[in-house]
Amino acid sequence: MARTAPPAGRQTQPHAKQQQQLEQHEQQQGQGRPRPGSGGAARQRRRSAPAAASCPVARRVCAELGAARRREARAQLAGASAFGGLLFVAGAVPAALPFVFLVFFAVAMPLRAAAFWRSSARFYLLDFCYFVNAAVAAVLLLAPDDPRAEAAASALADGPLAGALAAWQCPWIWGSAEHTVSVLMHHLPGLALYAHRHHTPRALRGWRGLARAAAGLARGQLPPLGAAPAPPSRPEHLALWLGAAPLVFYAVWQLLYFLAVQERGGGAAAGRAVVWRSFILSHGYETSYTCLAARAAKTNNFWNRLVRRGSIARRCAVYGALQLAFTVLCLVLFVPTYLDWRLALLLQAAKFVVPLYYGCRFAAVKAPQHAFLDGLAAFKAIEAAEQAEQAAAAAGAQHPPQHQAQPRRGGAARRACAAEAVPCSSCGAAAPRAVAA
């Protein structure tokens with residue numbers, strides 16, 4: 001008959017106690033290094049490891065990181081859904097793209113303006129892209145059948161505005177609402193005008209067509225999205241409306257922007273002419289000039305070295321000349337896409353691919369760096385809290401309190417003892433020195 005083994009606890013418990021006593025003895029003799037395989041190393045690591053689970057700072061930091069990751073996951077879902085929905089509308093119902101842009105303009109622009117106005121980026125609202133978005137919305141609502149206004153707005157939207165996606169390297173980051181809105185501001189105006197020109201039926205154009213479609217939906221009637229679109233029309237003088245008119249629009253905006261943001265002045269009359277310059281400098285507001293200058297100085301590329309030579313007047317002149325050359329180049333490249341719908345379709349596809357590429361590069365390079373820095377900051381916060389706890393414990397061990405061994409005393413004595421309480425280094429709550437130790 002086989003002999004049954006005694007319970008494991010009865011065998012291992014005395015052995016564990018003996019092993020622990022032996023290790024304590026070795027530590028007292030200065031030979032505290034545990035023997036390999038004895039189990040003491042694991043116990044010593046557990047004793048010396050930071051008690052992250054019991055530390056309030058660690059719990060708080062981990063909770064904040066977890067909440068941030070959940071917010072990022074929800075933002076990623078929203079951005080991916082917006083991207084997929086835009087692709088679906090562009091492929092299935094391209095006639096609805098002007099309506100999508102108008103809804104985006106009516107919702108995103110006021111929210112972005114309010115967000116910028118509460119921050120130091122309020123002067124970003126004077127950028128060229130906001131004026132072009134407003135011009136495209138005005139053409140779609142007020143002059144939908146005017147080929148001259150449509151040609152000029154298309155040149156601005158699919159010319160320098162679309163070219164900024166590559167020049168500024170705008171990444172389409174689905175988890176960032178700011179990046180998504182920025183990309184759509186540069187992408188949707190030209191896409192809406194392309195659909196308006198080649199796919200939208202005449203019954204749905206302008207504010208009257210949208211009002212009729214909304215009234216039909218209220219009565220349960222679907223808008224005629226599948227109707228035959230109106231044939232695209234061209235203005236008589238293409239050079240005037242595809243070249244001169246957009247350049248005049250750009251020159252007026254550049255002059256006003258330069259006077260409001262960049263030009264320096266003095267005196268009361270100059271202060272009235274130069275509207276916001278002193279206000280921007282005194283309050284530390286950001287502008288596109290300062291942002292672009294910081295990025296160029298960080299990379300220190302050829303264009304940064306070219307612009308930053310010489311005096312301030314020369315820098316402004318060279319920067320303005322480079323912007324003008326970029327605008328003219330984008331307008332020249334737009335002309336073939338206006339004349340051929342196939343090239344226009346390729347341009348719209350490229351406007352999807354370029355920001356997606358920069359977004360994927362961000363996800364592959366920048367996002368892991370940001371995650372590592374967040375984890376490093378959390379680790380430093382926990383380590384600082386633990387060092388404060390150890391310092392408090394050492395101070396308590398050197399000066400043990402005497403009032404806890406005494407019997408219960410009166411109110412004055414209790415108040416004197418309470419005066420000796422120290423705040424917890426982790427959560428800030430008051431605790432006696434013995435408890436903090």
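Before you click, keep in mind that the model is predicted, so local features need pLDDT of at least 70 and side-chain atom pairs count only at pLDDT 80 or more, while totals for chains, interfaces and linings use all residues. Numbering starts from 1 along each chain as its sequence is written, and side-chain values use heavy atoms, with hydrogens and water left out.

**Stop 1: D145 and its arginines**

Select D145, R202 and R205, which are linked in a network of salt bridges. A salt bridge here is a side-chain nitrogen of Lys or Arg within 4 Å of a carboxyl oxygen of Asp or Glu, and the structure holds six of them. Start with D145 and R202: their closest N and O atoms are 3.3 Å apart. D145 sits in the loop between α5 (128-142) and α6, and R202 in the loop between α7 and α8 (206-218), so this pair ties together parts that are 57 residues apart in sequence. (Helices are DSSP runs of H or I, at least four residues, numbered from the N terminus.)

Buried means under 20% relative accessible area, exposed over 50%, and partly exposed in between, using a 1.4 Å probe and protein chains only.

**Stop 2: D340 and R342**

Next, pick D340 and R342, whose side chains meet in a salt bridge at 3.5 Å, N to O. D340 is partly exposed, with 26% relative accessibility.

**Stop 3: Q169**

Go to the loop between α6 (147-167) and α7 (177-198), where you'll find Q169. What is its phi? Q169 has a positive phi of about 55 degrees, although it is not a glycine. Its relative accessible area is 37%, making Q169 partly exposed.

**Stop 4: Q254**

At 12% relative accessibility, Q254 is buried. Show its neighbours: leaving aside residues up to four places away in sequence, Q254 touches Y289 and Q323, where contact means heavy atoms within 4.5 Å.

Definitions and conventions: Helix = DSSP H or I, 4+ residues; strand = E, 2+ residues; numbered from the N terminus.
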